[in-house]
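Please look at the sequence and the structure first.

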Amino acid sequence: MEFEAIIFDLDDTLIDRNHAVTELFKLFYSKYYLNNNLYDVDTMMKDFINLDKKYYGKDEKDKIFKKFILKYPLNQAINLENISHFWNNNFPQCFKPDKKVIQLLDILSRSYKIALITNGTSRRQRQKLVNSNLEKYFEVVIISDEVSVSKPNVEIFQKALNKLKLPPEKCLYVGDHLINDILGSQQAGLKSCWYNPNVIKNKTDVIPDLVINNLQELYFNK
């Protein structure tokens, strides 16, 4: 690859968001359903994960809990107006360092500038980076909440390019979302790499420049 920089997405690319959501559910369950003998825990967890996917990318986390509690009523009082604080305070703590990802960034950072573009709130996304021990690898970090524009808008990619002081053709963008990551980066003139670990079928008209199922494949496409 004749690139000078590799720009990554964060959630479900460099960090395992589904695992973190599962850990958050366990915390929520242990706090509010400790004496549960009415509901199947595995079913509850699947429903919680599905609600998260439905509201992924939206700053409406309280709706996840409200809909969840509506289906699985609590036997105790809870302040639904402040339930989003539970998410904000606990979710970033559910992300832990991944040795393979750290090794990947350590190796790639020797040859490329490494940057990050992620949608989300500043507090949550920056805390995820700290807890995952990834913060030090990025020369540029662009978070939608901090720049008032989100992927797939071309402008957020341009902001990263401006900070990197590189033209788009010198940058590869790696992400898991075909619209937000792949289409967005392509429209900004970058080469795109679709990270598809679950080998899902592409049912869109978006054609990535490169497809990988394992991030370590980036080593072999240098």
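Thr13 and its surroundings

Leaving aside neighbours within four places in sequence, Thr13 is in contact with Phe8, Val174, Gly175, Asp176, Tyr195 and Leu215, where contact stands for heavy atoms within 4.5 Å. This is a predicted model, in which local features need pLDDT of at least 70 and side-chain atom pairs count only at pLDDT 80 or more, while totals for chains, interfaces and linings use all residues. Residues are numbered from 1 along each chain as its sequence is written, and side-chain values use heavy atoms, with hydrogens and water left out.

Q: What makes the approach of the side chains of Thr13 and Asp176 a polar contact?
A: The two side chains come to 3.3 Å, and a polar contact is a pair of N or O atoms within 3.5 Å; within protein, one must be able to donate a hydrogen and the other to accept it, and residues adjacent in sequence count only if both atoms are side-chain atoms.

Q: How do you know that β1 and strand β2 pair?
A: Strand β2 (residues 113-118) and β1 are joined in the parallel sense over four bridges, and two strands pair if DSSP finds at least two bridges between them. Phe8 stands opposite Leu116 in β2. With strand β4 (residues 171-175), β1 also pairs in the parallel sense over four bridges, and there Ile6 stands opposite Leu172.

Q: Why is the pair of Phe28 and Tyr33 called edge-to-face?
A: Among the 22 aromatic pairs of the structure, Phe28 and Tyr33 lie 6.0 Å apart centre to centre, with 65° between the planes. Rings of Phe, Tyr and Trp (its six-membered ring) pair if their centres lie within 6.5 Å, and planes under 30 degrees apart count as stacked, over 60 as edge-to-face and the rest as tilted. Tyr33 also forms an edge-to-face pair with Phe68, at 6.1 Å and 90°. Tyr33 lies in the loop between α1 (17-32) and α2 (41-54) and Phe68 in helix α3 (residues 61-71), so this pair ties together parts that are 35 residues apart in sequence.

Q: What makes Lys128 and Asp11 a salt bridge?
A: Their side chains meet at 2.9 Å, N to O, and a salt bridge is a side-chain nitrogen of Lys or Arg within 4 Å of a carboxyl oxygen of Asp or Glu. Lys128 lies in helix α6 (residues 122-131) and Asp11 in the loop between β1 and α1, so the pair ties together parts that are 117 residues apart in sequence. Lys128 is buried at 3% relative accessible area, and Asp11 is likewise buried at 3%.

Key. Helix = DSSP H or I, 4+ residues; strand = E, 2+ residues; numbered from the N terminus. Buried < 20%, exposed > 50% of the residue type's maximum accessible area, 1.4 Å probe, protein only.
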